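The sequence and the structure come before the details.

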Amino acid sequence: MAETENTPARWEDVAAQLVAERGEALTRYAYLISGNRDDASDLVHDALVKTFGRLRNGFGIASAEAYVRRAILNTYLDRGRKISRWRKIAHLTVEPDIHESTDADTEARLDLQSQLMKLRPRERACVVLRYYEDLKVDDIAATLDISSGAVKRYLSDGLARMAVSLDRADAHDLGGHHG
C-alpha cells in the first residue's frame with residue numbers, strides 16, 4: 001500500500017530527521033545542562049532511546065524534539081540525585097583526583113560553564129531553562145513539575161551562588177591591578 005500525505009510519519013523517519021536537523025542543538029542544550037561534552041552526548045543518546053522507545057508513529061519533529069529535551073533534563077536530574085546521594089558517603093572511601101587550579105577564580109570569571117557547574121542540579125536546570133531556553137517561571141515550574149515558588153528559589157540561589165563566585169574573581173583581579 002503506497003504512503004499518502006495523510007499517513008502519519010514513521011517514528012524512524014522522525015528520529016532520523018530530528019538527529020540530522022536538531023542534533024547539534026540538542027547536544028548544546030545537554031552540554032549546558034551537564035557541563036561535560038561526553039555526558040552531553042550520553043544524555044542526548046539516552047533521551048533519544050527513551051523518547052523513541054515510547055513514541056509511536058504520528059509525531060512531528062517539533063513534538064519529538066520537545067519530548068527529547070524533556071528526557072535530557074529528566075535524565076540529568078535523575079543522575080544528579082544519584083550522584084548527590086553518593087557524595088554523602090563517598091568521602092568515606094574516595095580520595096579526590098582533581099585539585100583546583102590556583103587560577104580558578106580568574107578562570108571562573110571568564111567561564112560561564114564553570115559557574116554553572118558549581119550549581120546544584122535543580123539550580124542549574126532552572127538557570128538553563130530560564131536563560132538558555134528563555135522560559136518563564138511558570139513554564140519552568142511546569143517542565144520540572146515543581147512550584148513556581150521553588151523555581152524562584154532555585155533561580156535566586158543559583159544566581160546568588162554564581163554572583164558570589166564572580167564577585168570573588170573580580171575582587172581578586174582588582175586587588176592585583178592598579179590604574
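## Terms and basis

A residue is called buried under 20% relative accessible area, exposed over 50% and partly exposed in between, with a 1.4 Å probe and protein chains only. By that scale Asp145 is exposed, since its relative accessible area is 67%.

The model is predicted: local features need pLDDT of at least 70, side-chain atom pairs count only at pLDDT 80 or more, and totals for chains, interfaces and linings use all residues. Residues are numbered from 1 along each chain as its sequence is written, and side-chain values use heavy atoms, with hydrogens and water left out.

## Overall fold

The protein chain has eight helices and zero strands; helices (H or I, at least four residues) and strands (E, at least two) are DSSP runs, numbered from the N terminus. Read from the N terminus, the order of elements is α-α-α-α-α-α-α-α.

Of the 179 residues in the protein chain, 32% count as buried. A contact means heavy atoms within 4.5 Å. Among contacts in the protein chain between residues at least 6 apart in sequence, 69% join residues at least 24 apart.

## Helix 1 against helix 2

Two packed helices are described by the angle between their axes and the distance between the axes. The axes are lines fitted to C-alpha atoms, for helices over the stretch in contact, and the angles run from 0 to 180 degrees between N-to-C directions. For helix 1 and helix 2 (residues 37–54), the angle is about 145° and the axes are 8 Å apart. Helix 1 passes helix 2 in a right-handed crossing; a crossing is right-handed if the near helix is turned clockwise from the far one by less than a right angle, and left-handed if anticlockwise.

On the helix 1 side the residues include Trp11, Leu18, Leu26 and Ser34, and on the helix 2 side they include Arg37, Leu43, Leu48 and Phe52. By class, the contact of helix 1 with helix 2 has 13 nonpolar, two polar and two charged residues. Here Ala, Val, Leu, Ile, Met, Phe, Trp, Tyr, Cys and Pro count as nonpolar, Asp, Glu, Lys and Arg as charged, and the others, Gly among them, as polar.

## Helix 6 and its partners

The axes of helix 1 and helix 6 come within 9 Å and cross at roughly 140°. That angle makes helix 1 oblique to helix 6, because angles under 35 degrees count as roughly parallel, over 145 as roughly antiparallel, 65 to 115 as roughly perpendicular and the rest as oblique. Tyr29, Leu32, Ile33 and Ser34 of helix 1 make the contact with Arg124, Ala125, Val128 and Leu129 of helix 6. Its classes are six nonpolar, one polar and one charged.

Helix 6 (residues 121–131) also packs with helix 7 (residues 137–144), their axes coming within 10 Å and crossing at roughly 130°. Helix 6 is therefore oblique to helix 7, and the crossing is right-handed. Arg122, Cys126, Leu129 and Arg130 in helix 6 meet Ile140, Thr143 and Leu144 in helix 7. Four nonpolar, one polar and two charged residues make up this contact.

Ser34 lies in helix 1 (residues 11–34) and counts as buried at 7% relative accessibility. Leaving out residues up to four places away in sequence, Ser34 touches Asp39, Ala40, Leu43, Tyr76, Met117 and Arg124. Ser34 and Tyr76 are 42 residues apart in sequence and 6.8 Å apart in space, C-alpha to C-alpha. A polar atom of the Ser34 side chain lies 3.2 Å from the backbone oxygen of Asn36.

Thr75 lies in helix 3 (residues 61–90) and is buried at 5% relative accessibility. Beyond its neighbours within four places in sequence, Thr75 is in contact with Leu43, Asp46 and Lys50. Glu65 is also found in helix 3, and at 11% relative accessibility Glu65 counts as buried. Not counting residues up to four places away in sequence, Glu65 touches Leu18, Arg22 and Leu26. The side chains of Glu65 and Arg22 make a polar contact at 3.0 Å; a polar contact is a pair of N or O atoms within 3.5 Å, where within protein one must be able to donate a hydrogen and the other to accept it, and residues adjacent in sequence count only if both atoms are side-chain atoms.

## Loop residues with positive phi

Asp134 lies in the loop between helix 6 and helix 7. Phi of Asp134 is near 60°, a positive value in a residue other than glycine, and Asp134 is exposed, with a relative accessible area of 58%.

Asp145 is found in the loop between helix 7 and helix 8 (148–176). Asp145 has a positive phi of about 55° although it is not a glycine.
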